Amino acid sequence: MFAYLIRRLLGAIVMLFIVSIAVFLIFFLLPRIGGATADDLASRYVGKTADAAQIHLMAQKLGFTDPLYVQYGRFLAGIFAGADYSTGPTTVHCPAPCLGYSFITQNPVLPDLLDRFPVTLSLAVGGAIVWLSFGVSAGVVSALRKGSLFDRTAMGIALAGVSLPIFFTGLLALNIFSYNLGWFPAGGSYTNFTDNPALWAYDLILPWVTLAFLNAAAYARLTRAGMLETMGEDFIRTARAKGLPERTVVVRHGLRAALTPITTIFGLDIGILLGSSILTEHTYSLNGLGAYALQAITSNDLPKVLGVTILAATFVIVANLVVDILYVVIDPRVRI
Amino acid sequence: MTDLYEAPTQRSFLEVDDLRVHFNTDDGVVKSVDGLSFKLERGKTLGIVGESGSGKSVSSMALMGLQRYAKAKMSGEIWLDGEELLSADDEHVRSLRGKKMAMIFQDPLSAMHPFYTVGAQIIEAYRIHHKVTKAVARKHAIEMLDRVGIPQPSSRVDDYPHQFSGGMRQRAMIAMALSCDPELLIADEPTTALDVTVQAQILDLIKDLQQEFGSAVIIITHDLGVVAELADDIMVMYAGRSVEQGSAREVFHSPQHPYTWGLLGSMPRLDRDRSERLLPIKGTPPSLINVPSGCAFHPRCAFKDLPGEATTSQVPELVDIGGGHKVACHMTVDQRLRIWTNEIQPKL
Amino acid sequence: MKRKRVMAAVAVASALAVGLTACGGGGGSSSNNTAGGASGFNAGADKVVNPSDAKGGVIKMANSGDWDSLDPGDTYYAYSWNFVRLYGRSLVTFQSAPGAEGAKLVPDLAESLGKPSDDSKTWTYKLRSGVKFEDGKTVTSKDVKYAVERSLDKTVFPNGPTYFNDYLDLGDYKTPYSDPTPDKLGLKAIETPDDSTIVFHLKTAFSGFDYFAMLPSTIPVEQAKDTGSKYKEHVVSTGPYMFKENNLGKNFTLVRNPQWDQKTDPVRKALPDEYDVSLNVNADDIDNRLLSGDLDVDIAGSGVQAAAQGKILSDQAKKANADDPTVARLWYTSINGDVAPLDNVHCRKAVEYAADKTGYLAAYGGQTGGQVATNMMPPIIPGAESFNTYETPNNAGDPAKAKQELQACGKADGFETNISYRAERPKEKAAAEALQQSLSKAGIKLTIKPFPTGDYYKLYAGKPDYAKSNNLGLMINGWGADWPDGFGFLSQIVDSRVIRASGGNTNLSVKDPAVDALIDKALTTTDTSAREKVWVDVDKKVMDDAYTLPGLWSKGLLYRPPHLTNVFVSNGYQMYDYLALGVKK
């Protein structure tokens, strides 16, 4: 187990390294292949009337004039040793791990990412709890009453949920429940959990439900399919033959087995969501990592893009690792 | 004395009367069990024998009330210790399951939950019917494992099913089934998945435990050899019906139905040459949706021409030929006796 | 200005035109900014809606994006220049008045407009007395000088305009951050003979220097409080409001600055007690909140999104709370004289006559998107004249006249060339297609060529040798003024001397020494109305040369929630004036 963990951790680090190189090449090498010079790249970050000399100064400041490997080396050095950058009158130290600093806001990237992480975490975890509870219970009931009105209705809603994009359901929900009925706060409302947990939850209910609507649908369908399969297993017959009440049979024996593959997908979904809940955050104007990523991309802010991509990749890789480890706990047949 | 009072005393411990289990499918009605009747007393063992699809497993599931979850259409009567079970409500039947009647399944690997330890599954079975603490139930589980012959039961109790060998798993399964001292034990192909030496051990175990607990036992198998040692009575099933039933002695020494002859012919025996030993039954088991007319066995019967036209037009009645030995066949008793004595027995 | 404006105009142009009567926020209409007030659709374009002097309340603003920077020395968005005045006072600013009056410059930190030397190369301003920073320190001319000095450092402040870099007689001065003089005021081009006087020395004559003095980079900065690129986290205010809380990229709050004195400030009303600004808010959500009254102002001031446009224009009650001002932005097509046969003026004129401008307008959303442009300068620019050098029936093109010009050009059977547009912009594609269709009637065959938006000016259309060798005869283009005057609008798009061979140009086609000479004349004409006339001459000459095919002057549909008071569009910024706003409590 221990050796396995070490092996997986090393693999994760190598993976992150590859991701960082890939992102770096996409954003720094591709434009050059397209014919852009260092000054062309830098001209994105200066005012519209800047002349060639000013652009060139900027290119030098941003390091575009150096060879790519030097630039990547600087990025790596920042991660392991930190970096210094100038604010004009003074120099500020960006301690390791320094993911670089933004060309646009001229702020270090990592503090911004950490600052925004709680929003995304709140959104992802809260949404996940909502969709998991609704999706799984709807899936179980649907499976047990296969073909019933409930099953057909739930699966119909699930289909709608999977097909309707968040920016549609989200804006619709805001319009109805926030602006017309006034039950929930407007988009962009967010309170820190540590400041006021009740208000935190209240502010996030609409985003959670919107996010859950999309994912609950998928989980309902997954759970239904899993339960239909599991409830036909021999061990369910055994459980009944023991005289267990049907509820115990369904939950302790049926759902327990059906949840195993769902746990895997759930873990990965959370990982992905932590890295990029772009649509939900954009729709609800929440300043989390997803919104940050979107801003970074639209403003061509390469260090931000790089930072947020690496963070997102980290989440997915860690989620993968956690799922694999969790799998061992969940399914005793899997042993490392 | 009134009828109400007398009724239970007149009935056997288990009495099945004209049991029918039908399933509606898209292709038509599957008549898995179609008019089955038999009796079983406490302390006795009934062997139900037949090919797969003959309705033996379905009828045992019906006894346990497990068919209630499968949307089956059932009719007839099942009397267990004076209670009619088909008309009883779900909750009552559930409370009987595991306690009054228990079941051992064919493949213990798939029949046990892979995510819970063997001990947990026995404890669970025990605690449904006994209000005891986990610790007490655990002690009981260890005792049960010990009783079915599992070495180091106090440590193996925490193992998962996949960590047991096939034979051990079947023992654990038996321990689970017996944990509440059931009065009726149904063993559905309890040895099929096991190798021969282990088979014998398991059969011995069931025999010992039956003597110890005094339960009524039903053993379901396609293998006459299994019931030869164990059963007091034997019922041979074909296409959802009983074609021959009687005491083990009668059925083994004076079988009356061509299908029973076929089953006996299929039994492997160590004292004969392979070439002449096996007399397999021709053809395949019938579809339960389109059961052949008349005697369901006639398409496979070597003697179907003897009784004439009735073979294909009339369903043969189960007729008592003396001493509780019943046969459903259009041939006369003489014809059957002659064929058995002259043609079949010498080849066995 | 810059991206924001472009994006906004594109968004606006995607309108569902529902029986809207075009109503330009035309220049020159007289203002009545006091009595009674006005109401109804477009009332805010040149009158004050809900006039009020009631103080108090909170104004809630939202931005679908983010500032380039809150630092006055590092910002280039129109809304930012409008808004920055709440927490900073530049030497000069646009008058806080509706319509055309709002495009007039008035002194702010200075006592009066600039006093030029005879050659217009030296400009002197006297500061008002009694203006203080939020920390209580009195503002001196040295703080203004320092502010301009630091804004010259484009590696620290890359976003702002470069006018001071380009026009001040800098010598080899680079940045105060490497300035060896103890007070960091080593720049010779700016003198501060005393604490209330500041003198600017230019390399070349420039009659419109007051517009430079209007730039936020003249908002004073205390050298001791300057933290360079981090200054935007806490700008030290000289205006009526100061930062209470500032979460970069998320939101900030402005509260009253106790050191601000109304007596020193004739420009600002300072009605609300507080401004709450949210950043990076979903654009459609902003519109919904405006319409529901949950939000007061969409700070970008570029108009509502297409979805809300439909809602507003189809609902009379909502429409009465909306304004549809023309902005100082032109969507046009450059005609490349480097590409034969467009090197012949008659062939260029053939294009002018053949083009169906109603199709051009339709590509940008019809009448909600703007109005047909017949010349370069948008009508809201002070002194601008609308004229039509190439008149065609209903602006729909005149193939017969075009063929006459083709005859004169020696291409009686027409010719073939390419038209470029920015690939990610469907409206530009539609415009190119409309031109392709209308020009084909005169025998001019266009092949449509899309190029990536990000590098359109740097590598393709804006790089002269690329455009020439790839036969980009026509290039879809667009331009918004930095400020509403001839220089602010025309200098970057018609002066041949701003064209760089290395690319990155916005002037894609106008190369005429006569135009350059007229521009020089304008730069040295100090009399405002005389200067405005020269800019009109520039406009006319450019049209005579037929280097550009104007398409439309852009419009934005603005919504003012009914509880907002003292609302009007200032032509200075072509959006609601943020100094005047108040809110009903």
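What share of the contacts in chain B with a separation of 6 or more comes from residues 24 or more positions apart? Hi everyone, that is where I would like to start today. For chain B, the share is 64%. Please keep in mind that we are looking at a predicted model, with an ipTM of 0.83 and a pTM of 0.76.

Let me stay with chain B for a moment. Chain B is built from 15 helices and 12 strands. Its radius of gyration is 21 Å, close to the 20 Å that the globule rule gives for 348 residues, so chain B is as compact as a globular protein of that length. Along the principal axes, its C-alpha atoms fill a box of roughly 65 × 55 × 45 Å. Of its 348 residues, 53% count as buried. The accessible surface comes to about 15800 Å², and carbon and sulfur atoms make up 50% of that. As for charge, chain B carries 37 positive and 46 negative charges, and their mean positions lie 3 Å apart.

Now, how do the chains meet? Two pairs of chains touch, and the pair with the most contacts is A and C. Chains B and C do not touch, with 47 Å between their nearest C-alpha atoms.

Finally, a word on confidence in chain C. Its mean pLDDT is 89, and 94% of its residues reach 70 or more. Among its elements, strand β7 of chain C, residues 197-201, has the highest mean pLDDT at 97, while helix α1 of chain C, residues 2-13, has the lowest at 38. Across residues 1-35 of chain C the pLDDT is below 50, and this stretch has 103 contacts in the model beyond near neighbours in sequence.

Terms used: Residues are numbered from 1 along each chain as its sequence is written. Chains are lettered from A and ligands numbered from 1 in the order in which they are written. This is a predicted model: local features need pLDDT of at least 70, side-chain atom pairs count only at pLDDT 80 or more; totals for chains, interfaces and linings use all residues. Side-chain values use heavy atoms; hydrogens and water are left out. Contact means heavy atoms within 4.5 Å. Helices (H or I, at least four residues) and strands (E, at least two) are DSSP runs, numbered from the N terminus. The radius of gyration is taken over C-alpha atoms; the globule rule is 2.2 Å times the number of residues to the power 0.38. Buried means under 20% relative accessible area, exposed over 50%, partly exposed in between (1.4 Å probe, protein chains only). Accessible areas come from the Shrake-Rupley method with a 1.4 Å probe; for residues, only the protein chains shown count as cover. Lys and Arg count as positive and Asp and Glu as negative; His and the chain ends are not counted. The place of a charge is taken as NZ of Lys, CZ of Arg, CG of Asp or CD of Glu. pLDDT is the predictor's confidence in each residue, from 0 to 100.
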